[in-house]
Structure formats: C-alpha cells, structure tokens
Amino acid sequence: MRFLNTSGLALGLALAAGSAAGAPAAQSGGTVASGPAAVVEHFHPKGKLPSTFTLELRNGLKAELPFDDKRDFDEAKKGFIAAPPYKKIMADAGHVAWDMESYQWLLSGQDFASIHPSLQRQAVLNMGFGLYEVVPGRVYQVRGFDLANISFIKGDTGWIVFDPLTAKETARSALELINEKLGKRPVVGVVYSHSHVDHWAGVRGVVDEADVVSGKVMLIAPEGFMEAAIAENVFAGNVMSRRSQVQYATLLQRNPFGHVDQSIGKNVARGAVGLIAPNRLISKDFEEITLDGVKMVFQNTPDTEAPTEMNTWFPQFKAFWAAENVTGTIHNIYTLRGAAVRNSLNWSKHINVALWKFGQEAEVMFASHSWPRWGNARIQEVMRTQRDAYANLNNQALHYANQGVTINEIHNVYKVPESLQQQWAARSYHGSEQNNARGVINRFLGHWDGNPATLIPLSPSDSAPLYVEMMGGAERIMARGRDLMAQGKYLHAVEILDKLVFGEPRNQAARDLLADAYEQLGYQMESTSTRNTFLQGAYELRSGMPTGEAPSTGSADVIRSMPTGFWLDFLGISMDPKRAEGMSLTINLVLPDIGEKYLVELSNATLTNIEGVQAPKPDLTLTLNRADLNRVMLGVATFDQLAQAGQARFDGDRTAIYKLRDLLVTFTPDFEFIPGSASEQRQVPPGRPFVLPDPVNIMGE
C-alpha cells in the first residue's frame, strides 16, 4: 500500500489522508441494527438502509463462508503484551495523526447489515492495538498504530526496526511503547521492506539521519528502493490523488454506512513524513547480513506487491518475514487509485520460492500488515493459498482471454475456485477479483477489447444524450431504473441511470436514484476498494465532493531526494500545450554542487530535457546549486529571489524563465468523475508554477 502526504509534491504515492472529523455533518437518514443492540444512524439524510436483496445476499454469504474457522482470531490476539492508555496519537503540527477511537463501534458485538459479513470479520481482526510478542524474547510488533505494522527484532544490544510506518509520530509512539514495556534499547538497524510510503515515511520517529549517514545505524532496503519510492506515479500524481479519495473514501464518516476499514489496516496516519536514504542495499536474489547478532537472509521479490520489495528469513528464530507479499487478504493487481498493473504470476512465483526455501522450516510467519501465523503446517497452508490465488488469477484470466473473452467481460466470467473461496487468506478485502481479472488482461493485452466500435469511443458526455433520447427521456429511464432496483438488479439500474446523469448532470432526482443503487452495491461488497468507491460515489451524487482538512505536513526529504530529471519531466506534463503552440526556448540548467547539467528545450508545444548536454547558443543559462533549487521546488523561494541573494545566476535572456513559468498549470485534485459533483468554484491554490502540487492521496496501494 502507498500513502504520501507532502507539501508541494504530488508524488501520487498516497491515498486520501482525511479523518472522520473531516466529513461533513449530516442528519440521520435511517438506522440499522442487527444482533446486539445499539442503533446506528446513517450519516447522510438521504442514506438508505440495506434492501431486502442486500440482506438476502448477506444471509447467504453468512451460510456459505467458513465463519466457524476462528484461527485468525486466535492468532491475532496471540502474544498480546499491552496497549497504551490512549487511542489517539497527536501530530507534532497539532492535529490528530491517528485515531483508533473512531472505530471502537466495531467491537460492540453488533452484526451490521450494511457491511459485507466477511469484510466486517476482517475489520474486527484489524482492531488489534498495542504491543505483541511474535517470537519469545526476540521478535515483537506494534499493531494498530498506522495502516502497517511496525516490527522490532531484539538484537544483542538494540532494536532492528522493520517498516517504520507512515508518520514520524506513530513510529515514535510505537518505539516509546516497546521501550516502556520491555526496557529502553537503542535502534541499531532499520529495514525498509519495500517502496510504499506506509513502510518508510515514519523513519525519523525511530532514528536520527546523522546516525545513518555515519554508519552507526544500518538502514537496509532492496536495490532500486529510492527510485521506486520517489518516482512511482509521479507523473500522474494529481489524478491519482483524486482517484484515491474515491477508492479509500477516508473523508466519509467512520460508521457502518461509511468507512469501516482499509482491509490491510484501519487507515493511514496523518503525521510528518520523512525519508532517510538507505546505506545498505540488497542487490542479489538472496543476501545474508548479520546485524547485532541477528542473522537475516533477504529475498528480493521485485515486481510483486511493489516494484521493489524483499522478504526476510531469520534462521535463528525460524521466523519468516513476508513483507507485504503474504498478508491476510488478496491484494491489488490493479488498484483503483491508478498504478502500473502488477504481475500476478511473478507474485505467485516469488511466494513459491519462499515457500520451498524458507517455508519448510518456518515456525512463525509475520508481515507488515495483518497478524502472524504460527506452526509450520499453518504457515505452509497460508503461503500455498496465496500462491495459488495469484497464479489462478493470472492463468484463468488468460485462459479465457485466449478463447476470446475480453477485458469488458472477464470480470463476469472469472470465478475464484471454490476451494480458495473457503480460505480466508484468499478473500479479496484489499483487491477485488473482478478488477484484478481485468488488470491481468490489461497487463497483457491493453484496454481495447477488439471491437472496432470501442476503438475510438465517444466521451460519456457526448454519448449519454443519445442514449437518453433513444430511451425516451428522463422519466422513462428513471421509471425503468426503479423497476430494476425493485428487482434487486442494481448493476442493471446503474447501466441506464449513469447515462441519464451524464446526459442531465443537474437532474438531482436521477442522481439520488443512482446514489441509492450505488449504496446497495457498496453494502454488498467484500473488497474495501469497491465498497468505498460505490459509497463515495453515492455521497458525491447526493451532496457533491466531500471536503476535509488539507494536508499540512511537508517532506523536504522527498524533494531533496528527487532526481532533477524527474522534476523537469513533471514540468513538461504541467505545461499547457495549447498556450505553448509556436513557442521555442532553449535553457541550459547547471547545478554545480552535484555536478549536473541539463538542456531544457521547448519546441513543438513540448518541453524536453536531457542530462549531460548543453546547447552552444542557449536563450538562457541558469546556474544554481541543487540545494537552492530544492527551495524553488518546495515553493519557499523564487529564481528571482535566489538571484538577488547571489544564489542563482542568469546568463542570457532572463525572460525565458518567465515565459516557461507562464505556461505551467497548477494541478488540483478537485475535478469531477461524476458530472455535477464538483463545487461551482473550484479551489485553485495560489500559483506556484515551479512546484509540484499538494497531494491529497498517497500509498499503497
């Protein structure tokens, strides 16, 4: 999973970081109670209760799924040592960084009819909060302090920290808790298992950068970590921010009708994010390091859950660290926030290698999410289950594709084998089998389904009025939509009502009817991604896009680590090509402190750059240190200010930089996916044309 909350950088590594407090208050539109007692109010005045069809589906699932298998609950509570006296962690900036209190209703014992029963089970399992012992006297975890777990390995003299969470404040609180309960020890090592931000951005809460730079603390990561941590999804960062608001729906209230879980944890912390570069990279398939008396065998698993990732085997403890490759759910092959489609088959193969190299001896398996598994038979069971689930997804999707099933059909054809459906570790809480199956097809064949009619499709705003006209207008469509919903055919109703909403964006009655269909589909979903997407869609149809607190923490660490070429590439994306038509510029950029030179050219309404090349007769040569360029990238200084301070030099036509500046657009993640949902006056931030925009999203996943 990934999440990044930076000021001035749309790195697209993140998911929405809002909290329940950021959701608009609303009167109750209904109540629901099933099982033991408390009555729960819907947070929206137009909100509906679960329909008869949703209740029937839920009852059927409760009968079909193996709820008698309680092993996950036993394992989730095993080794519990202590919980802190608080359930909220405050950010250094003054806001709430972490809030487990807002989910306590899940522990009421109530059976919530508006939540898929399997998802409710997962949401309760993710309520673990506190310090746990994994291997007696040697391996510990603090769970429930962030989306991920933070793990502590006890060496001869200090702690080796695995995956220091998303925020400095939550990681620091976890270290304080374990030191309080088990005795204070220094941190002698840190391991980043992979490049998603919830596994490294809290590093400054457990270690000082000076100790890493000096070598006093070993900071270990897989090869390619820095590039992946910074570069993945930079160029689509703003739209990914907006899509993350939909997939994770964290601006919806936390109650049975809204946000209930993030499948691999409760939510993402909203604190200070940082990045310290590793001083030890793992480059081989298998590599052994002994640190503070602890032997660790690292297994590189690139192109699985993250572009760069690694598992770890502890032979002294017979303990296997599965990173985020084996957790309590099937993950995203295609994530709705947007990212490169992951390699399901490769993922399966790396699990298989781990199974046969380490799984034959392992007596405990723990990971960066979910809870550990104990006993060799249990560990092999879970590893085989997830291995087979990822392989089956790849193989079955391509099996049908090779028989002509298209990307627009595979989600209705692919079916998880019955034997895997009965395994909790193969349930799709984070991923969705429908979207993952489409992702496999997209990875191998792309988005086109082979039908010439879909090769150059009309935009929905152009096609929808044709459909509305041919279907006889709004009233007939809404009448038919109500009929379909009365039969429980919510997807059929969505098919026609969506056309009406695109054809008549201000038809609130149509919007409300489509929202009702979305809401029932959300209640029925096991995957948090699909549940959240439908419920967020329902909210936006009824009330417009939700608002919440803007990100307030910055990450100079990430900006400082970003390659100059990435920033120049993003300027090319930010440039308005229509305004650039007919213009030409040539700028030499010189960064003496790091020995870099770039040629930046504007031609054919396109901005390009190349490292190590200088034009013989540029319009402008701009010379400044990269350390000072970082201030421009952060938006705390301008080139003119640097020049006045003697920290930048212009040789040539100084107006070239102004011409380029005036072509740049500031992206904001407040645009519509559903027409008529955005505020009539979009919140455009003050112009900072040489700055990447603030993200609202982030990280994994």
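Predicted model: local features only at pLDDT ≥ 70, side-chain atom pairs only at ≥ 80, totals over all residues.
Six strands line up in an open sheet in the order β13-β14-β15-β16-β17-β18, and the pairing is mixed. Here strands (E, at least two residues) and helices (H or I, at least four) are DSSP runs numbered from the N terminus, and two strands pair if DSSP finds at least two bridges between them. Residues are numbered from 1 along each chain as its sequence is written, and side-chain values use heavy atoms, with hydrogens and water left out.

At the edges of the sheet sit β13 (286-291) and β18 (373-374), each pairing on one side only. β13 runs antiparallel to β14 (residues 294-300), with six bridges in the pairing, and Glu287 stands opposite Phe298 in β14. Helix α8 (residues 344-357) packs on this sheet and touches β13, β14, β15 (310-314) and β16 (319-321), contact being heavy atoms within 4.5 Å. The direction of α8 makes about 145° with that of β14; such angles run from 0 to 180 degrees between N-to-C directions, and axes are lines fitted to C-alpha atoms, for helices over the stretch in contact.

Another antiparallel pair turns up in β20 (residues 596-603) and β21 (residues 606-611), joined by six bridges. Leu599 stands opposite Ile610 in β21. The hairpin has two residues between the strands, and Asn604 takes a positive phi near 55° there.

Now for the helix pairs. Helix α9 (residues 376-401) and helix α12 (residues 433-445) cross at roughly 65°, their axes coming within 9 Å. The crossing of α9 past α12 is right-handed, that is, the near helix is turned clockwise from the far one by less than a right angle (anticlockwise for left-handed). On the α9 side the contact uses Leu393, Asn394, Ala397, Leu398 and Ala401, while α12 brings in residues including Val440, Ile441 and Phe444. By class, the contact residues are nine nonpolar, two polar and one charged; nonpolar covers Ala, Val, Leu, Ile, Met, Phe, Trp, Tyr, Cys and Pro, charged covers Asp, Glu, Lys and Arg, and the others, Gly among them, are polar.

Helices α13 (residues 460-470) and α15 (residues 490-503) pack at about 110° with axes 8 Å apart. That makes α13 roughly perpendicular to α15, a label for angles of 65 to 115 degrees. α13 passes α15 in a left-handed crossing.

Definitions and conventions. Parallel < 35°, antiparallel > 145°, perpendicular 65-115°, else oblique.
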